[in-house]
Amino acid sequence: MNIVFYAPFNQRSRDTESLMEAFVNQGHNVLLLTHAPRGAYHERCEQLGVKVHSHVIGKRSPIIYYLRHSLHLFLFCRRNKVDIIYAHLETAALPAVLIQYFVQARVIACRHIIDEAVLSGNRNFIRIVRLVYRMARQVIVVSERAKLYMVEREKVAQEKITVIRLAYNFGLYASPESREVKVIRESHACELLLITACRLVPAKRPEFSIQIVENLIKLGLDVKLMLLGTGPAIETLTALINTKGLGHRVFLLGHRSNIMDYLSAADMLVHPSILDSSSVIIKEAGLREKLVVACRDIGDVNEYLVHGENSFLVSADQAVSEMTGIIHQVYEDRKAYDGMGEALKVIVQDRFSIERILPSYDEFHNA
């Protein structure tokens with residue numbers, strides 16, 4: 001079977017890489033086609049036995065942009081006799097659903113968001129989301145909450161939506177470099193080192209992590225925060241850090257490809273986001289057996305995180321105050337929470353392993 005992964009990005013994506021690797025091992029011919037130029041994603045997929053391609057178009061007129069991508073995808077499918085297209089993210093799903101009537105390939109729109117379009121307030125994004133999922137014949141979502149939102153709020157027919165959790169070959173994550181971990185820890189030396197890693201956009205609420213650190217310092221705690229990520233909020237966050245005089249306590253580090261080194265150096269993940277369908281950083285923190293504090297009722301956290309057992313969950317509306325209190329408790333008695341990180345690792349590895357998830361894709365391929 002000829003299977004195409006169609007995506008707009010070129011940065012590493014361990015979940016899709018894991019699927020591609022598994023499909024190659026099953027004997028399928030797997031191809032990657034991206035809107036972005038060749039990058040780390042392509043290099044890694046090539047190592048896994050995937051045939052990689054990219055097709056970059058300057059984005060002037062949105063209509064022309066998507067029509068040109070649609071034409072290229074149509075010709076790509078004809079040339080490679082494609083059987084299935086897994087289109088990841090809406091900007092790839094739109095060209096894919098536009099050609100679904102003209103190709104023999106089954107087009108499956110893979111959705112990684114719940115209410116991000118509405119939260120962003122971006123009208124074009126909202127229009128694209130509506131168009132894609134009204135037109136799509138088959139949709140894969142990564143959490144039950146995503147399906148519920150689509151059915152109840154977007155009025156998408158539930159029979160065309162399939163829930164398949166993110167799947168990982170956890171061996172694709174490089175082991176932390178002990179020297180790098182030591183350097184990171186020593187350069188941010190403190191009693192309790194926190195980390196927040198996300199896109200720097202309003203709905204991820206990275207400013208909450210800064211406010212939490214400010215609260216903890218006022219309580220006399222020796223804490224620091226590594227804030228990883230890029231996005232439009234970076235100038236606002238920089239100004240906030242400077243205004244509060246937290247330049248020696250909060251560090252804006254930008255994008256880091258060696259996220260596991262930073263998680264290994266940290267003591268606790270602070271994740272105040274209200275914009276997740278199935279948070280990747282929580283799973284990565286679990287692999288490093290870290291304490292995690294996140295908001296309940298966001299994405300799929302209620303499905304596998306248990307407050308006080310493998311994580312801490314707080315109200316999204318009271319995240320700053322409740323997270324401050326929980327981190328204060330951890331600071332005062334770390335030993336009381338021994339084993340919580342290990343418990344998170346166990347559930348993450350079991351629930352999201354490629355071996356557990358792969359049969360769900362076999363049903364698509366054998367249909």
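Predicted model: local features only at pLDDT ≥ 70, side-chain atom pairs only at ≥ 80, totals over all residues.

Which residues line the second largest cavity? I got H271, S273, D276, S279, I282, A294, C295, I298, G299, D300 and V301. A cavity here is a set of points, on a 1 Å grid over the protein atoms alone, where a 1.4 Å probe fits but cannot get out, and a lining residue has an atom within 4 Å of a point. The volume came to about 50 Å³, counted as the space filled by probe spheres set on the points, with points joined across faces, edges and corners. By class I noted 5 nonpolar, 4 polar and 2 charged residues in that lining (nonpolar is Ala, Val, Leu, Ile, Met, Phe, Trp, Tyr, Cys and Pro; charged is Asp, Glu, Lys and Arg; the others, Gly among them, are polar).

Numbering runs from 1 along each chain as its sequence is written, and side-chain values use heavy atoms, with hydrogens and water left out.

I found 2 cavities of 30 Å³ or more. The largest cavity holds about 80 Å³. Its lining has 13 residues, with L19, H88, V142, L166 and Y361 nearest the centre. Helix α1 gives the most to this lining, 3 residues (helices are DSSP runs of H or I, at least four residues, numbered from the N terminus).

Next, pockets: open sets with protein on both sides within 12 Å along at least five of seven lines. The largest pocket has a volume of about 1800 Å³. I listed 48 lining residues, and Q11, R12, R199, K204 and V280 are the closest to its centre. Helices α1 (14–25), α4 (90–99), α6 (123–135) and α12 (280–287) each give two or more residues.

The second largest pocket holds about 280 Å³. Its lining includes K59, Y66, L94, N124 and R127. Here α3 (62–80), α4 and α6 each give two or more residues. I sorted this lining into 8 nonpolar, 1 polar and 2 charged.

Last, the helix pair. I have α9 (206–218) and α10 (234–243) packing at about 10 degrees, axes 10 Å apart (axes are lines fitted to C-alpha atoms over the stretch in contact; angles run from 0 to 180 degrees between N-to-C directions). So α9 is roughly parallel to α10 (angles under 35 degrees). P206, E207 and I210 of α9 touch L237, L240 and I241 of α10 (contact is heavy atoms within 4.5 Å).

Methods: Parallel < 35°, antiparallel > 145°, perpendicular 65-115°, else oblique.
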